[in-house]
Amino acid sequence: MLGIVAAVLFFIAFLINAADIATNDAFSSVNVMLLGLTALALHVGGIGSGWGRGGSRRR
């Protein structure tokens, strides 16, 4: 799930940068890209993947 969120944030950052949209400092393309990188790092780290690694499903 966080991987999809990261892809959407990267796409929004690309649109802001490519269209040269004037935004305030809090919503610049670099800040949106950093949010995407944070979501991607959490996804790679296993947080928000939706599947437990043995702890939630017992046989």
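Me: Is Ser29 buried or exposed?

Reply: A word on the source: this is a predicted model, in which local features need pLDDT of at least 70, side-chain atom pairs count only at pLDDT 80 or more, and totals for chains, interfaces and linings use all residues. Residues are numbered from 1 along each chain as its sequence is written, and side-chain values use heavy atoms, with hydrogens and water left out. Buried means under 20% relative accessible area, exposed over 50%, and partly exposed in between (1.4 Å probe, protein chains only). Ser29 has a relative accessible area of 18%, so Ser29 is buried.

Me: Which residues is Ser29 in contact with, leaving aside its neighbours within four places in sequence?

Reply: Contact means heavy atoms within 4.5 Å. For Ser29 the partners are Ala13, Ile16 and Asn17. Ser29 itself has its place in helix H2; helices here are DSSP runs of H or I with at least four residues, strands are runs of E with at least two, and both are numbered from the N terminus.

Me: How many helices and strands are there in the chain?

Reply: The chain has two helices and zero strands. Helix H1 covers residues 2–18 and reaches 24 Å from its first C-alpha to its last, close to the 24 Å expected; the expected span is 1.5 Å times one less than the number of residues.

Me: Which residues of H1 are buried, and where do they lie around the helix?

Reply: An α-helix has 3.6 residues a turn, so residues three or four places apart point the same way. In H1 the buried residues are Leu2, Ala6, Leu9, Ala13 and Ile16. Seen down the axis of H1, they fall within an arc of 85° (taken from the directions from the helix axis to the C-beta atoms), so they line one face of the helix. Their cover includes helix H2, residues 29–44. On the other side of H1, Ile4, Phe14 and Ala18 are exposed.
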